[in-house]
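Please open the model in your viewer and keep the selection tool at hand.

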Amino acid sequence: MRARASLRARAAASAAVAVNWASRRAGLGSGTVAGGRAGLVVDPHLVEKLCVGRPVALVSGTNGKTTTTALLAGALGAGLGGGVVTNATGSNMPAGHAAALAAGGRTGPVVLEVDEAYLPAEVASLEPTCAVLLNLSRDQLDRTSEVRMLANRWRVAFAGGAPVDLVANADDPLVVWAAGQAERVHWIGAGLGWRNDAVGCPSCGEQVTFADAFGAGGWSCVCGFARPALEAWLEEAADGGSLACFADGRRLVVDLELPGRFNRANALMAAVAASSMGVGADEALGAMAQVPSVAGRFTVGEIAGSPTRLMLAKNPAGWSELLDLVGGGTAPVVVAINARTADGKDPSWLWDVEFEALAGRTVVATGERARDLAVRLRYAGVDHATVDDPRAAVAFAALEDGRTAAPVEFIGNYTAFHDLLDHAR
Amino acid sequence: MSTGLRIVVVYPDLLGTYGDGGNGLVLARRAEWRGIKASLHQALSADPVPMGDLYCLGGGEDGPQVRAAAALRQDGTLVGAVERGAAVLAVCAGFQIVGTTFPDANGSGRAGLGLLDVSTVKGTGPRAVGEVVADITAAGAGPLPTLSGFENHAGVTRVGPGAEPLATVRRGIGNGGGDASEGAVAGKVLGTYLHGPVLARNPALADLLLGWATGGQLVPLDDHEEAALRQERLAVGRRSPSGMARTRRRISRALRR
Ligand SMILES: [Zn+2]
C-alpha cells in the first residue's frame with residue numbers, strides 16, 4: 001500500500017530539492033535545512049514516505065552520532081551497494097532528514113543521525129530496521145535540562161513500538177534503562193568514559209557501582225539492575241589497537257583511519273548494526289577502515305601556516321574522550337569555547353572537564369568564551385595564554401611551542417570547531 | 001581527619017549538574033594560594049558526610065534532589081556542623097534543600113534541612129534560564145561587588161523572616177517571587193540560584209565564605225583573569241537592560257493578583 005512514494009511526497013521532495021538549489025545559488029550555504037523545511041510544509045510526512053520499503057537505520061546518543069552514522073553509511077554502501085542516503089552534514093532533525101532524503105536516490109539504504117529528542121517520534125513513524133543507541137549524558141543543559149527524562153522517553157518509545165533491532169551500549173546504564181523493555185536488543189560493550197550522569201540508578205535511585213575504568217567488568221546496582229550479557233565488546237590488542245570480540249567466538253581487528261578508542265567503539269556499534277541489516281561485521285569493519293575523516297573531525301589542515309589537527313568536543317563526555325586521546329602527548333593544545341545557541345549558552349560544564357590533564361603543555365585559550373576557559377584553566381593549575389582570535393591562537397601556540405614536528409591540537413566546541421574548519425586548508 | 005580548613009563538596013553524584021563542583025575547587029585553591037592549609041573532600045551520597053568547616057551543595061535534577069535531601073536529613077552531620085559554626089554555600093537545588101520545603105517532580109512539598117529560612121514551590125511560568133546580574137543587598141554578606149552568574153531553575157523561592165535576600169537582580173529572575181530578590185543568607189549559610197560556577201565568576205563571594213570559615217583576614221590575590229571574565233559578563237548584562245526582566249516580573253505579579 002505504501003510501496004511507492006505518493007504524488008504528494010514526490011511534489012514535496014521536488015520542493016525540497018528546488019529550495020536547496022535556489023538557496024545554494026543565492027549563496028545561503030548548502031541550504032539543506034531550508035529545503036527540508038519547505039518540503040515538510042508541502043508534505044509533513046515527507047520523511048516517512050521517502051523511507052517506505054527501504055532498509056533504514058537511525059543513530060542517536062549524546063556523543064559519536066555523526067561519526068557512527070558515517071561509518072555505518074560506509075559499511076552499508078560497500079555491503080549493499082547502491083547509493084546510501086544519509087544526513088552527512090549533521091543536520092539531525094526532521095528538516096535535515098527531509099533534505100537528505102529529497103536530494104538522494106529513491107531506493108537503497110537510509111542511515112540517519114537523529115537528535116536524541118526526536119528519536120522516539122522517528123522510530124514510531126519510520127519503522128527503521130535498526131536503531132543505534134550510543135550513550136546519554138549531559139549536553140546543553142540550558143536547552144534540554146534533564147538527561148534522565150530523555151532516557152525515560154526512549155524507554156516508553158521502545159517498550160511498545162514496532163519491532164526494531166536496537167544496537168545499544170550496555171556499558172551506559174541510562175541506555176540500558178532506555179532499551180530495557182524492547183523486544184530485540186543487541187547489547188554491546190562499547191565503554192563509557194564519563195560516568196557522572198550514570199551513577200544514580202535509573203531504576204531505584206541507589207548508587208550504580210562500576211567494576212573498572214572502561215566498563216569491561218560491568219556495573220550493577222543493589223536493586224538487581226545490572227549490565228546485561230554482551231553480544232559483542234572491544235578488547236585492547238597488543239599493538240594498542242582494538243579487537244571486536246563476539247559472544248559466538250569471532251574476533252575481528254578494528255583498524256580505522258579515525259583515532260581513539262571511542263571511535264573504535266563507534267565502529268563496533270556500526271558493525272553490529274550493519275550485521276542486522278545484512279552486511280557481515282567483517283565486511284562492515286573493512287569498509288569502515290576506509291573512512292578518512294567525518295565532517296572534518298580529526299582533519300589535519302593548515303591554520304595560519306601551522307599544521308593543526310581539528311577536533312570537536314561539545315560536552316564533558318566528549319572532552320573526556322579527547323583528553324584521553326591527546327593526553328600524554330607533548331604537542332601544543334588550543335582550546336576554543338563559544339556559547340552560541342548551537343553550543344548551549346551556559347559554559348558551566350567547563351568545570352566538569354578535567355583540564356588538569358593538560359598541565360605542563362603549551363595551552364592557549366580562545367573563542368568567544370575564552371575568559372571562562374581561562375579562569376577554569378587557572379584553577380586547574382594549567383599555565384596558559386588567552387588569545388581572542390582562534391587562528392591567532394593557533395599561530396601563537398605553534399610559535400610558543402617552538403616545535404614544528406607535531407601538529408597543534410585544536411579542540412573546539414560546536415561552532416568554534418566549525419568556524420575554524422572553514423579556514424583550514 | 002586532616003587538619004587545616006576542611007572543604008566538603010556534598011554529594012557530587014547527586015548535586016553536581018551545573019559544574020557546581022567547581023565551587024569547592026575555587027575555595028580550596030584560593031585558600032592554598034594564601035598559604036592556608038586546606039583539604040577538599042568529595043562526599044558521595046553512599047558514604048557518611050565528613051565533618052567540615054565549609055560545605056558546598058550544587059544543582060541537581062528533581063529525583064536526585066529528593067534523595068539528597070532525605071540522605072542529608074538522615075545523616076545529620078551537615079546540620080550538626082552548621083550548629084557548630086560551619087559555613088555553607090548552597091546553589092540551585094542545594095539552595096532549595098537547605099530551606100524548609102521544596103517541591104519534588106510532582107510539585108509536592110518535601111522537607112528540607114531548615115538551615116535557611118526559605119521555602120520553595122514549583123513555578124508556574126517558564127523555567128528561569130539565562131545570565132544574571134544582581135546587586136548585593138544583604139547586610140549579612142557585607143559590601144560585595146555585583147554578582148554575575150547563570151541561572152537554570154523552575155522553583156520560586158520565598159525568603160522568610162529568619163533570613164535576608166542576598167541580592168536584587170538587575171538582569172535575570174533570581175528567586176522568582178516577584179520582588180526581584182536573588183538568593184538568601186543567614187549567619188554563615190548562603191544560598192543562591194547562580195551557577196557559573198558562582199565562585200569562579202565572583203571571587204569576592206568565595207573570599208567571603210573563606211573568611212567565615214577561617215575567621216581570619218585574607219590577603220588579596222591577583223584575580224585579573226576573573227576580573228576580565230566579570231567585566232565581559234557584566235557588560236553583557238548591561239547590553240540587554242533589565243527591561244525584559246522587569247516586564248516578566250510585572251506579568252508574574254499581575255498573574256498572582
Ligand atoms: Zn537500582
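In which helix of chain A is confidence lowest, and in which is it highest? The model is predicted, and in chain A the lowest confidence falls in helix 7, with a mean of 60, while the highest falls in helix 13, at 98. Colour residues 26–31 of chain A next: their pLDDT is below 50, and the stretch has eight contacts in the model beyond near neighbours in sequence. For chain A as a whole, the mean pLDDT is 88, and 92% of the residues reach 70 or more.

**First sheet of chain A**

Select the nine strands that form an open sheet with mixed pairing, in the order 2-3-1-4-5-6-9-10-11. Its edges are strand 2 (85–86) and strand 11 (251–254), each of which pairs on one side only. Strand 2 runs parallel to strand 3 (residues 110–113), and two bridges join them. To view one of these pairings, display A:Thr86, whose bridge partner in strand 3 is A:Val111.

Now move to A:Asn135, in the loop between strand 4 (130–133) and helix 7 (141–144) of chain A. Is A:Asn135 buried or exposed? Its relative accessible area is 13%, so A:Asn135 counts as buried, the cut-off being under 20%. Show its surroundings: leaving aside residues up to four places away in sequence, A:Asn135 touches A:Gly61, A:Thr62, A:Asn63, A:Asp172 and A:Val175. A polar atom of the A:Asn135 side chain lies 2.9 Å from the backbone nitrogen of A:Asn63.

Select next the six strands of another open sheet of mixed pairing, ordered 12-13-17-14-15-16. Strand 12 (300–303) and strand 16 (385–386) are the edge strands, each pairing on one side only. Within this sheet, strand 14 (residues 333–336) and strand 17 (residues 408–412) run parallel and are joined by four bridges. A:Ala336 stands opposite A:Gly412 of strand 17.

**Two helices of chain B**

Finally, select helix 1 (residues 21–32) and helix 6 (residues 203–214) of chain B, whose axes come within 10 Å and cross at roughly 75°. The two helices are therefore roughly perpendicular to each other. Where they meet, helix 1 of chain B contributes B:Val26, B:Leu27, B:Arg30 and B:Ala31, and helix 6 of chain B contributes B:Pro203, B:Ala206, B:Asp207, B:Leu209 and B:Leu210.

Notes:
Residues numbered from 1 in each chain as written. Chains lettered and ligands numbered in written order. Predicted model: local features only at pLDDT ≥ 70, side-chain atom pairs only at ≥ 80, totals over all residues. Heavy atoms only, no water. Buried < 20%, exposed > 50% of the residue type's maximum accessible area, 1.4 Å probe, protein only. Polar contact = N/O pair within 3.5 Å; in protein donor to acceptor, adjacent residues only side chain to side chain. Contact = heavy atoms within 4.5 Å. Pairing = 2+ DSSP bridges. pLDDT = per-residue confidence, 0-100. Axes fitted to C-alpha atoms, helices over the stretch in contact; angles between N-to-C directions. Parallel < 35°, antiparallel > 145°, perpendicular 65-115°, else oblique.
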